[in-house]
Amino acid sequence: MTLAYSLAVAILFGTGAYMLLKHDLIRVAAGVVLVSNAANLFIIAAGLSRGVVPILPIPGGERVADPVVQALVLTAIVISFGVTALLLSLIYRVYTTHLSLDLDDLSEADERDESEQELAQLTGRNVSRRAAP
Amino acid sequence: MASLFSPAPLLLLVALLAPLAAFAGGRIRPGLAAPVGGGMALVAFAITIWGAALSDPDRVSVTWAGSWDLRFTFVLDGLAVVFALLATGIGALVTAYSARYIPLHLHHEHRDERDVVPFLFYLLLFMAAMVGLVMAQDTIALFLFWDLTAVASFFLIGYDRNARSVQAALTAIVITGVTAILILIGVIMLHDRYGSWDLPTIIAAVGEDGLPGGTITLAVALILAGGLAKSAQVPFHFWLPQAMAAPTPVSSYLHSAAMVAAGVFLVGRFYPLAEQSDLLLWALRVVGLASMVVGGLVALTRRHLKQILAWSTISQYGYVVLLFGLGGDYGVAGACFYVMAHGLAKCALFLTAGSVIEAAGTSYLDEVGGLARRLPLLAVASLAAAATIVALPLTLGFFKDELFFAAAVETGPFWVAASVGGAALTFAYIGRFWLGIFIRHPERGRTAQLHPLSGLLVWPIVVLGALGVAGGLFPGPITGLANEAATVARNATAAIDVETAYHLDTRPENLMALAAWAIGIVLIVSERLWQPAVRAFSRLGDIAGPERIYDGTLDRLNHWSDFVRQFEVRDLRSRVASILAPAGVLVAIGLIASDPTNNAFRVGSVSGGDLLPLLMMIATVIAALTSTLARDHFALALVLSGVGFSLACVYAFSDAPNVALVAVLIETVFTVLFIATLVLLPRWVLRDVNQEPDDHDHNGRDAFIGVIAGLLALLVVWSTLSQSSVFTSVGDEFVAQTPDAHGGNVVSVILADFRGLDTLGEITVIGIALLGIAGLLYRGRLR
């Protein structure tokens, strides 16, 4: 079982890393989801002392599954959900400002912005005067 | 614990309070900083003498981090006394000198006169760090004070804030800071082997029969390298001439009695270990000889007064290192004696240079001259100091060379020749310095007008010069201190007793001294003959010396850093990659270093009850792999929620129903949220992203990175999970206490009660995320 859990964590992490490198922002978010899933499964597996469910009444003499790890993962799941939700709304915001979700487009736009700013600095007043009326 | 009213704790306390007191005094009135700080330094000096007078070295020991076996143990032993006397005594004199010099200097630089306060603060902080350093027995405490000296020296050298002094301060802290890491590594290696941070314990554990093996030799070599870099020895010497950009009192303190002395102090502190390896002694000899020759030759070429003294300091500390390398009672006692004699005299010469620069308004040797008649007191005082360094009889310096020659005679004819050559070089460059200022006529121009010198710019030099002569007439006390220091440095059971006295006979030491003076006089007279050759040597050093290598390395590092940054900020993807890749490299190094075969990877048993989680894990994995193939975004959303739900099942079947329940809830909300986001986005945007196919190269590269990441994760997770947990979980405690908390479900009681504060934190995080989301979406709508 040790190997099985390790493999599952590794595959989740590996696919997550692969998705993180995509140029599509939504897939990047999916990568974050997968990596945090991998982390949660790792914590559960690390504290894995199989036994009776930790809910009272516990039959005497039985081993109890470690409740601390479960509490930790519970917190982690909720927080990673919060992070994902924030990420998704960020993505939506990126769309509303750039009308694209492609990282290549975005960095191009970045460069364009920078060069425009440089141009504005170089030519200084001309630009602003033309923009004023 | 001993009472507070004994020398060791009192000295530490006074020294550490001195910078704060000076700062506080300076806040009231800038002029108050120097008397307060100088007074504290004098008190510290007196306490050190008190400690030296005790028959047993006084000690104080406080537990610092007990579970790591770290203590603050400070002992005022012979070695500590020598260096503490230098640091506090010369510290007091330099403070007095600075009280007059720094306001003048600030006036020249058009700076606020209140800036004298931070100057004195850092100067006294340096003194405090020195005092702590020389008394520390715990190697980590020693390292801490070592770094404190580096920090204080950075602010002192960079005090003038112009490009040159900032550059110099940076070089000094890079060289001494990087080599300080070597010391830390060496100390950790020693701890790894002997299980103690306490230096006497380590020395006792090593024993007397040579260093056991290459690792320990390497550890001691690393520590010595750190010390030699601080002492500005070849090939780390170049920071010191640069550091002359600092105001003169800084140079006279750091580069005579404090910073460079700290380096040879470290050599002395670890000498019981170093002494046991012939290899290390030979290394010390080679480095010492090289520094002596290089420093001496370059000092002969310099025009700038302070540069002459800087290179002479490199050369003089080369002597000390060579003395340690020669070893034996004469060598070690000679080294300790040398540090004291040289510290006094070199400080006086630096202060002389400062006063001359202040009076004549120029800092070049060939632009001043013939000042003996106009500044008679300064001339006589600095003559005494110069005579101490060139080891004329009736000065303290005579005996430093006698001991040096005695150690050389003990070792062999080559070292006899080398020591006479070194002494002759010293005679030549110090003679050139003193004669050039006070006797010879200036080569260029003429120093017509002299600014009057205030008493405080002369009297400290007089005190130091008088001490040099007094030590020459009555060498007993200084010799006694040197002997005690040598006893500590050699870890000798019987006290070392090297004698210093005048003998009017033809013993080798006397003949060698005569030979050195004769050669020195010939060198001074024949300056025109050898000057071009020495200049060529100095040029060669500028072109191909270690300074060039240092500059080149720094440049290349800068380029590399720029390159990495360029790559990193290009877009989100390269940013993610530049976090993932180094993290992966670190993890891989950690895995290799921790020897993964040590806790063999275990496959683990599979029992009947494991079948269900196993099946669900297979489902999870399949879903995860499918997510990489999904072309359509809606398919991606569904596959992702598939991953989540099958994971929830894994949790459920791993006896974690609470987690499973939450996972199902969250996964449901998540799926809705994801699809809702997709619905908000127009189709053409999604199609655009999808249709722009990743070119083949990138896809292959990303997949490769993904596989590597997965493999590393597998290694880490598997080796972690394979270790049987040795500790008992607090879980049992929680289970037992759950009825008292009026709950049935242990996990929910933990969340709501036992670890309720954590849950509050979690809620806060969610709340902040919610605010962020609301802000983002609201503003988005308005557009």
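Trainee: Which residues have the most contacts inside the largest nonpolar core?

Mentor: Please bear in mind that this is a predicted model. The largest nonpolar core has 218 residues, and those with the most contacts inside it are L11(B), V82(B), F83(B), M127(B), M130(B) and V131(B). Helix α15 of chain B, residues 328–360, gives the most to this core, with 21 residues. A further core, of 89 residues, lies apart from it and has among its members L20(A), L103(A), A656(B) and A663(B).

Trainee: What is V82(B) in contact with, leaving aside its neighbours within four places in sequence?

Mentor: V82(B) is in contact with C336(B), V339(B), M340(B), L481(B), A482(B) and A485(B). Contact here requires C-beta atoms within 7 Å.

Trainee: Why is L34(A) called buried?

Mentor: A residue is buried if 20 or more other C-beta atoms lie within 10 Å of its own. L34(A) has 27 such atoms, so the term buried applies. This residue lies in helix α2 of chain A, residues 25–46. Not counting residues up to four places away in sequence, L34(A) touches L12(A), T15(A), G16(A) and M19(A), and also A624(B), S627(B) and V643(B). L34(A) and M19(A) are 15 residues apart in sequence and 8.7 Å apart in space, C-alpha to C-alpha.

Trainee: How many residues of chain A and of chain B are in contact with each other?

Mentor: The contact involves 75 residues of chain A and 87 residues of chain B. On the side of chain A that touches chain B, the largest share, 24 residues, comes from α3(A). By class, the residues of that side of chain A divide into 55 nonpolar, 15 polar and 5 charged.

Trainee: What makes α11(B) and α14(B) roughly parallel to each other?

Mentor: Helix α11 of chain B, residues 259–269, and helix α14 of chain B, residues 305–326, pack at an angle of about 10 degrees, with their axes 11 Å apart. Angles under 35 degrees count as roughly parallel, and the two helices are therefore described in that way. Their contact is made by V260(B), V264(B) and V267(B) of α11(B), together with T313(B), Y317(B), V320(B), V321(B) and F324(B) of α14(B). These residues divide into 7 nonpolar, 1 polar and no charged.

Trainee: Why is L394(B) called partly exposed?

Mentor: L394(B) has 15 other C-beta atoms within 10 Å. The term exposed needs 12 or fewer and buried needs 20 or more, so a count in between is called partly exposed. L394(B) is placed in the loop between α16 and α17 of chain B, and has a positive phi of about 70 degrees although it is not a glycine.

Trainee: Which residues does a cis peptide bond join?

Mentor: A cis peptide bond joins V234(B) and P235(B), with omega about 5 degrees. P235(B) is found in the loop between α8 and α9 of chain B.

Note on methods. Residues are numbered from 1 along each chain as its sequence is written. Chains are lettered from A and ligands numbered from 1 in the order in which they are written. This is a predicted model: local features need pLDDT of at least 70, side-chain atom pairs count only at pLDDT 80 or more; totals for chains, interfaces and linings use all residues. Helices (H or I, at least four residues) and strands (E, at least two) are DSSP runs, numbered from the N terminus. Two residues are in contact if their C-beta atoms, placed from the backbone, lie within 7 Å. Ala, Val, Leu, Ile, Met, Phe, Trp, Tyr, Cys and Pro count as nonpolar, Asp, Glu, Lys and Arg as charged, and the others, Gly among them, as polar. Axes are lines fitted to C-alpha atoms, for helices over the stretch in contact, and angles run from 0 to 180 degrees between N-to-C directions. Angles under 35 degrees count as roughly parallel, over 145 as roughly antiparallel, 65 to 115 as roughly perpendicular and the rest as oblique. A nonpolar core is a set of buried Ala, Val, Leu, Ile, Met, Phe, Trp, Tyr and Cys residues joined through C-beta atoms within 7 Å.
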